[in-house]
Amino acid sequence: MSMPEPTAFTPLATLALGLRERRWSSRELTRYFLDRIARHDGALGSFITVTEARALAQADAADRRLAAGAATPLTGIPIAHKDLFCT
């Protein structure tokens with residue numbers, strides 16, 4: 001069975017499996033979602049702050065942990081925080 005390409009509607013468990021099986025990297029997932037934000041947020045206004053460089057740096061760190069076998073189940077999954085958190 002072939003793993004589908006990740007999308008905004010891919011279940012979290014499938015994204016995590018794809019990371020563990022190295023079908024995609026955390027950087028690739030993060031880039032996908034950052035690009036999606038860039039395409040749609042002008043109309044939606046969902047994000048106050050997008051920290052692209054930080055997100056990609058954290059994705060690279062997650063990829064290193066995954067490669068080293070030091071990952072937890074959600075390592076490498078991009079996350080967006082609601083605006084009620086202080087940043």
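User: At what angle do helix α2 and helix α3 pack, and how far apart are their axes?

Analyst: Two packed helices are described by the angle between their axes and the distance between the axes. In this predicted model, helix α2 (residues 26-44) and helix α3 (residues 52-68) pack at about 155 degrees, with axes 8 Å apart. Axes here are lines fitted to C-alpha atoms over the stretch in contact, and angles run from 0 to 180 degrees between N-to-C directions. Helices are DSSP runs (H or I, at least four residues), numbered from the N terminus.

User: Are α2 and α3 roughly parallel or antiparallel to each other?

Analyst: Angles under 35 degrees count as roughly parallel, over 145 as roughly antiparallel. So α2 and α3 are roughly antiparallel.

User: Which residues make the contact?

Analyst: Contact means heavy atoms within 4.5 Å. On α2, look for Ser26, Arg27, Thr30, Arg31 and Leu34; on α3, find Glu52, Ala55, Leu56, Ala59, Asp60, Ala62 and Asp63. They divide into 5 nonpolar, 2 polar and 5 charged.

User: And what pattern does the chain follow along the sequence?

Analyst: Reading along, you get α-α-α, with 3 helices and 0 strands. The C-alpha atoms fill a box of roughly 35 × 30 × 20 Å, taken along the principal axes.

User: How do I read the numbering and the cut-offs for this model?

Analyst: Residues are numbered from 1 along each chain as its sequence is written. Because this is a predicted model, local features need pLDDT of at least 70, side-chain atom pairs count only at pLDDT 80 or more, and totals for chains, interfaces and linings use all residues, while side-chain values use heavy atoms, leaving out hydrogens and water.

Notes:
Helix = DSSP H or I, 4+ residues; strand = E, 2+ residues; numbered from the N terminus. Parallel < 35°, antiparallel > 145°, perpendicular 65-115°, else oblique. Nonpolar A, V, L, I, M, F, W, Y, C, P; charged D, E, K, R; others polar.
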